[in-house]
Amino acid sequence: MLPADKKLCAVNRGLSVNMPPTEIISDLGAQGFSIDECHNMANRKTGEPMPLFLFSIEKTEKHKTAFKTITNIGYVKFIVEIQRKKIWTASVLRMPGFFHSSTFCTRTTRCVKCTQNHLAKDCPKPIEKKPKFCLCEGEHPANFLGCPKNPRHRIAEEKEKKKQKSIHVVPEPPKMNFWEQQEKTAAQSQQSTTSAQPKPTNPSPASPSSHSNNRPDCSPDIFNQLRNPAVQETFDLLEKFVEIATTIPTKYGRLRAISKLLEDEITI
């Protein structure tokens, strides 16, 4: 079936299981939506009805708005959702296969139990015996999702390979730090250089003048220089500068105080 010929399938979620499908069709028809089919969905395991109603409509621009505009039926609010796609796309009634519908299947009939050319309802194979799938010859029914012939597994594997290729592999850190290795190499080269140099000869005895120049007693005494009156005056002047800078907030005031201080010092 072409995509343009397929019908829109929607699911009503939130209605009571006791609501008749004919009432849903008539109410939606009054809202402007022509419903072709509507039925209550049942649980696959228990067979009990669920608060879900599946309805199909023609694929038109008006009907495409049903997922947003339809909000209530008979003053009962509910949600309209798109029908979820089936995981298994094989036709298990006539010919077990992939990606084709049983409605338009023209292939040779194959049984889903014994792979013979007859329908499953006419199969004489006992229930206690294991089934056989005609595509992979495995002991499982046609609707088994883990079948190795299922193309979905191949698609999933290709996606996983692309995902692994796109992942950036972080290289392992080096076993030795580069700077430590460089320092070690420099130390080895320095040791080899010092060992290759000749031993120095015994130095000649130093002259008395050299000894006198190296004595710490001959160096100028820094403390004696600090006791100089000129140095003391300079320190006092610096203290006044620091006091002006820390006490006067404005720049104009600081400059005015410094100029006055300099005038007083020059006058003195």
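These entries record what I looked up in a predicted model.

**Salt bridges**

I searched the whole structure and found three salt bridges.

Lys-7 is partly exposed at 40% relative accessibility, and Asp-36 is partly exposed at 35%.

I then turned to Arg-13 and Glu-81, which form a salt bridge of 3.2 Å, N to O. This pair links distant parts of the chain, with Arg-13 in strand E1 and Glu-81 in strand E6, 68 residues apart. I noted relative accessible areas of 34% for Arg-13 and 27% for Glu-81.

In the bridge between Lys-64 and Glu-61, the closest N and O atoms are 3.8 Å apart. Both residues belong to helix H2 (residues 61–64) and stand three residues apart, about one turn of the helix. Lys-64 is partly exposed at 42%, whereas Glu-61 is exposed at 61%.

**Nonpolar patch**

I located a nonpolar surface patch of about 490 Å², made by Ile-222, Phe-223, Leu-226, Phe-235 and Leu-238. Helices H7 (222–226) and H8 (229–247) each supply at least two of its residues; H7 gives the most, with three. Leu-226, in helix H7, is partly exposed at 37% relative accessibility.

**Thr-109**

I found Thr-109 in the loop between strand E6 (79–82) and helix H4 (151–166). Thr-109 counts as buried because its relative accessible area is 16%, below the 20% cut-off. Its C-alpha is 6.6 Å from that of Leu-119, 10 residues away in sequence.

How values were computed: Residues are numbered from 1 along each chain as its sequence is written. This is a predicted model: local features need pLDDT of at least 70, side-chain atom pairs count only at pLDDT 80 or more; totals for chains, interfaces and linings use all residues. Side-chain values use heavy atoms; hydrogens and water are left out. Helices (H or I, at least four residues) and strands (E, at least two) are DSSP runs, numbered from the N terminus. Buried means under 20% relative accessible area, exposed over 50%, partly exposed in between (1.4 Å probe, protein chains only). Patches are made of residues with over 30% relative accessible area and no salt bridge: like charges are joined within 9 Å, nonpolar side chains (Val, Leu, Ile, Met, Phe, Trp, Tyr) within 5 Å. Accessible areas come from the Shrake-Rupley method with a 1.4 Å probe; for residues, only the protein chains shown count as cover. A salt bridge is a side-chain nitrogen of Lys or Arg within 4 Å of a carboxyl oxygen of Asp or Glu.
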